[in-house]
Amino acid sequence: MLHKVLLIFFCLLLQMPLQAQSNSRVALRKVVIDPGHGGKDPGAVSINKRHREKDITLAVSLMLGKLIKESFPEIEVVYTRSTDLFIPLDKRSEIANKEKADLFISIHVNSARARSASGTETFVMGLDKSSSNLEVSKLENSVIVLEGDNYSTKYEGFDPNVPESYIIFSLLQNAHLEHSLSFASFVQEQLAKGPVKTNRGVKQAGLLVLWKATMPAVLVELGFISNSSDLAVLLKRANQESMARSLFTAFSNFKRVYETGGGGSLAVSAPSKPLENNKPILSEEKKIINSEEYYSIQILAVTKRLNNNAPDLKGLKQYDYKRVGAFYKYHTGVHTDRIEASEALKVIRRKFPQAFIIRIENNTIVPLK
Ligand SMILES: [Zn+2]
């Protein structure tokens, strides 16, 4: 009985994107703009300690919101903060979830030990946090997703404790991932025009602030506060306005694609370049999940690098790889402890029976203790 029910869910799921594209116009009604940091958390600070990330992110966020309201009065703009206020990371996506927003934009400024590091980049949730996402908050998240429009009646009997349910749920997350990638690509396309010209591209990372968002969600890094030329650009009001306009143009482009059913789960808008093997980032909002030391699940080892749609990946969208000798070792998931990784492994083995737990420290696979 259970399997039959799950099969029906699966069929419904597969139909939904098709229906959305063929006969309904989905309006983008609400956007949540999240100015990074705030209050007691200054975010990244300039080398001379005089300039703080939280001030730049707030200025650009408010400008972006204003531009959206002016051009699209029917769209509701919600800020996670509109003043110098401390908001915990989990609270930020929680606000977006509660608001049932259609898009979540978290705005940040980067920092690196190497002062030469410069440029803009946009992150989407990656490294497959989704499996532990399901473990930690499967009930809460599934309730939010299932509350949407016509889902609730169809999903009666959905049991988050049944492994098959996780797989269904991760399909839903992939649908958001592809919209996130689509928006992220628009953002980088616009930001690349300047004033911070170096385009570091669209990337994936295990970002806590995006982790639980139940809508397309990105984190934009406007430049490096640790780089003197980026900083000089970021501090000028005219440049902040220009960046807000770039984000607004990206938003308009995304809105058009979103509302005509493109860039969704079936019409994948590929990022401008393949997602690279991203070294975990140092800035604070990412450090919280300690992305430099974690457990992950190795799914395969191959001698040639795979492209995003390689059959060997079996449709998996959130993964990373490490080069070890002649091999590219593909892995998925960022898990802080081994118990969490074991739970994720059970789910992943349904698709990759050979999968096993690995430990990663400083971007290198190390022996399990
Ligand atoms: Zn930040």
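Let's start with strands 7 and 9. Strand 7 covers residues 293-302, strand 9 covers residues 327-335, and the two pair in the antiparallel sense over six bridges. One place to look is Tyr-295, which stands opposite His-335 in strand 9. Keep in mind that this is a predicted model.

Now the sheet around them. It is an open sheet of five strands, in the order 8-9-7-10-11, with antiparallel pairing. Which strands stand at the edges? Strand 8 (320-324) and strand 11 (364-366) do. Each has a single partner strand, so one side of each is left without a neighbour in the sheet. From one strand to the next, the twist averages 50°. Helix 11, residues 338-348, packs on this sheet. Helix 11 touches strand 7, strand 9 and strand 10 (356-361), and its direction makes about 30° with that of strand 7.

Next, strands 1 and 2. Strand 1 is residues 30-35, and four bridges join it to strand 2. These two run parallel. How does the chain cross from strand 1 to strand 2? It goes through helix 2, residues 53-71, and this β-α-β crossover is right-handed. In the pairing itself, Val-31 stands opposite Val-77 in strand 2.

On to salt bridges. The structure holds 15. Take Glu-76 and Lys-30. Their closest N and O atoms are 3.8 Å apart. Glu-76 is in strand 2 and Lys-30 in strand 1, 46 residues apart. Is Lys-30 buried or exposed? It is buried, because its relative accessible area is 14% and the cut-off for buried is under 20%. Glu-76, at 40%, counts as partly exposed.

A second pair is Asp-34 and Arg-92, with N to O at 2.6 Å. Asp-34 sits in strand 1 and Arg-92 in helix 3, 58 residues apart. Both are buried: Asp-34 has a relative accessible area of 0%, and Arg-92 has 2%. Other buried residues in helix 3 include Leu-89 and Ile-95.

Glu-70 counts as exposed at 51%, and so does Lys-66 at 54%. Salt bridges that share partners also join Lys-30, Glu-76 and Glu-99 into one network.

Last stop, Phe-86. It lies in the loop between strand 2 (76-79) and helix 3 (89-98). Phe-86 is partly exposed, at 38%. Phe-86 and Gly-38 are 48 residues apart in sequence, yet 4.7 Å apart in space, C-alpha to C-alpha.

How values were computed: Residues are numbered from 1 along each chain as its sequence is written. This is a predicted model: local features need pLDDT of at least 70, side-chain atom pairs count only at pLDDT 80 or more; totals for chains, interfaces and linings use all residues. Side-chain values use heavy atoms; hydrogens and water are left out. Buried means under 20% relative accessible area, exposed over 50%, partly exposed in between (1.4 Å probe, protein chains only). Two strands pair if DSSP finds at least two bridges between them. A crossover is right-handed if, with the strands pointing away from the viewer, the path from the first strand over the helix to the second runs clockwise. Axes are lines fitted to C-alpha atoms, for helices over the stretch in contact, and angles run from 0 to 180 degrees between N-to-C directions. Contact means heavy atoms within 4.5 Å. A salt bridge is a side-chain nitrogen of Lys or Arg within 4 Å of a carboxyl oxygen of Asp or Glu.
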